[in-house]
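Me: I'm new to reading structures like this one. Could you walk me through it, feature by feature?

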Amino acid sequence: MALLLPLVVIGGYFCPRLGFTVLALITFFLVLASKRGRFYCGWFCPMGAFHERVLSHISLKRSILPVFKSSWFRWLLFILMMGLMCFSLFVAWGDAKALGDAFRRMWIISTGLAIGLGVYFRPRVWCSICPMGSLQGVSSRNTYLLSVSDDCIGCKICQQVCPIETYPGAYKEQGHVPSIDCLRCSNCIMNCPKKALAFLKNLPSNAEGHLEK
Ligand code: SF4
Ligand code: SF4
């Protein structure tokens, strides 16, 4: 998937219609989010794969700033980026090449921001504020959530292996990590020494979900 990013960003210069790949990916992750939350972020996102495969070699891997975890910052970025995208699409409306180029331009802007942040902070820091990730998070509030059982001893190993530094142990009382803060990558599940983490399937409001076997 990591190769898709340079293919669209660079190849789109010669063939602007390649920008529609972004639209196809948006459609794909919205459908997937209804069943698996932000699973796309953890397993399919070309930007995420690029950051893990390439950026991780040059990243200084500093801790993510607390502001990146705050709702107001996340949603401010969402409004700015969505506003810019809607404006670009409005200007390009009626011209397929210009529309493809508008999608590609948005990918270039987010990739530029993500690389800049990922070099200084953790490689996938962008994933904690990505507007597309936020969109998946709010459209899957009760879907495939990461549950935290009473077996958790608060060792914080889960936070150390999480690409966006989410700390599942902090949600022991609540029972599960909020959808928006989890990429469903499974790193923490595989590393938890107490086997206190698992994904819940389709958690209905005010009711317990069923542990995925
Ligand atoms: S790794 Fe497991 S036991 Fe340790 S804090 Fe995280 S959930 Fe709790
Ligand atoms: S909380 Fe666990 S499953 Fe979610 S992104 Fe972090 S490491 Fe991956």
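Reply: Gladly! Let's begin with domains: their bounds come from an automatic or database domain assignment. The model here is a predicted one. In this protein the assignment gives domain 1 (4-138) and domain 2 (146-211).

Me: How many Å separate the centres of domain 1 and domain 2?

Reply: Taken over C-alpha atoms, the centres are 25 Å apart. The two domains do touch: 15 residues from domain 1 and nine residues from domain 2 take part in the contact.

Me: Which helices supply residues to the side of domain 1 that touches domain 2?

Reply: Helix 3 (39-43) and helix 7 (131-138) each supply at least two residues there. By class, this side of domain 1 has five nonpolar, six polar and four charged residues.

Me: What does helix 7 pack against with its buried residues?

Reply: A residue counts as buried if 20 or more other C-beta atoms lie within 10 Å of its own. In helix 7, the buried residues are Met132, Gly133, Ser134, Gln136 and Gly137. They pack against helix 2, helix 3 and helix 5 (71-92).

Me: Now the core, please. Which residues have the most contacts inside the largest nonpolar core?

Reply: First the general idea: in soluble globular proteins, nonpolar side chains tend to be buried together. Here the largest nonpolar core has 45 residues, and those with the most contacts inside it are Tyr40, Trp126, Cys127, Leu145, Leu146, Leu183 and Leu197. Among the elements giving two or more residues to this core are helix 1 (4-14), helix 2 (20-36), strand 1 (146-148) and strand 2 (197-201). Helix 6 gives the most, with six residues. Both domains take part, as the core draws at least three residues from each of domain 1 and domain 2.

Me: Could we zoom in on one of those residues? What does Leu146 touch?

Reply: Leaving out residues up to four places away in sequence, Leu146 touches Pro168, His176, Val177, Cys182, Leu197 and Phe199.

Me: And the ligands? Which residues are closest to ligand 1?

Reply: To read a ligand site, look at the shell of residues around the ligand and then at their classes. Ligand 1 is surrounded by 14 residues, the closest being Cys152, Cys155, Cys158, Gly169 and Cys192. This shell divides into 10 nonpolar, two polar and two charged residues.

Me: Which residues come nearest to ligand 2?

Reply: Cys162, Cys182, Leu183, Cys185 and Cys188 come nearest, out of 15 residues around ligand 2. The classes in this shell are 11 nonpolar, three polar and one charged. You have already met Leu183, among the residues with the most contacts inside the largest nonpolar core, and Cys182, which Leu146 touches.

Methods
Residues are numbered from 1 along each chain as its sequence is written. Chains are lettered from A and ligands numbered from 1 in the order in which they are written. This is a predicted model: local features need pLDDT of at least 70, side-chain atom pairs count only at pLDDT 80 or more; totals for chains, interfaces and linings use all residues. A residue is near a molecule or strand if its C-beta atom, placed from the backbone, lies within 6 Å of it. Ala, Val, Leu, Ile, Met, Phe, Trp, Tyr, Cys and Pro count as nonpolar, Asp, Glu, Lys and Arg as charged, and the others, Gly among them, as polar. Two residues are in contact if their C-beta atoms, placed from the backbone, lie within 7 Å. Helices (H or I, at least four residues) and strands (E, at least two) are DSSP runs, numbered from the N terminus. A nonpolar core is a set of buried Ala, Val, Leu, Ile, Met, Phe, Trp, Tyr and Cys residues joined through C-beta atoms within 7 Å. A residue is buried if 20 or more other C-beta atoms lie within 10 Å of its own, exposed if 12 or fewer, and partly exposed in between; C-beta atoms are placed from the backbone.
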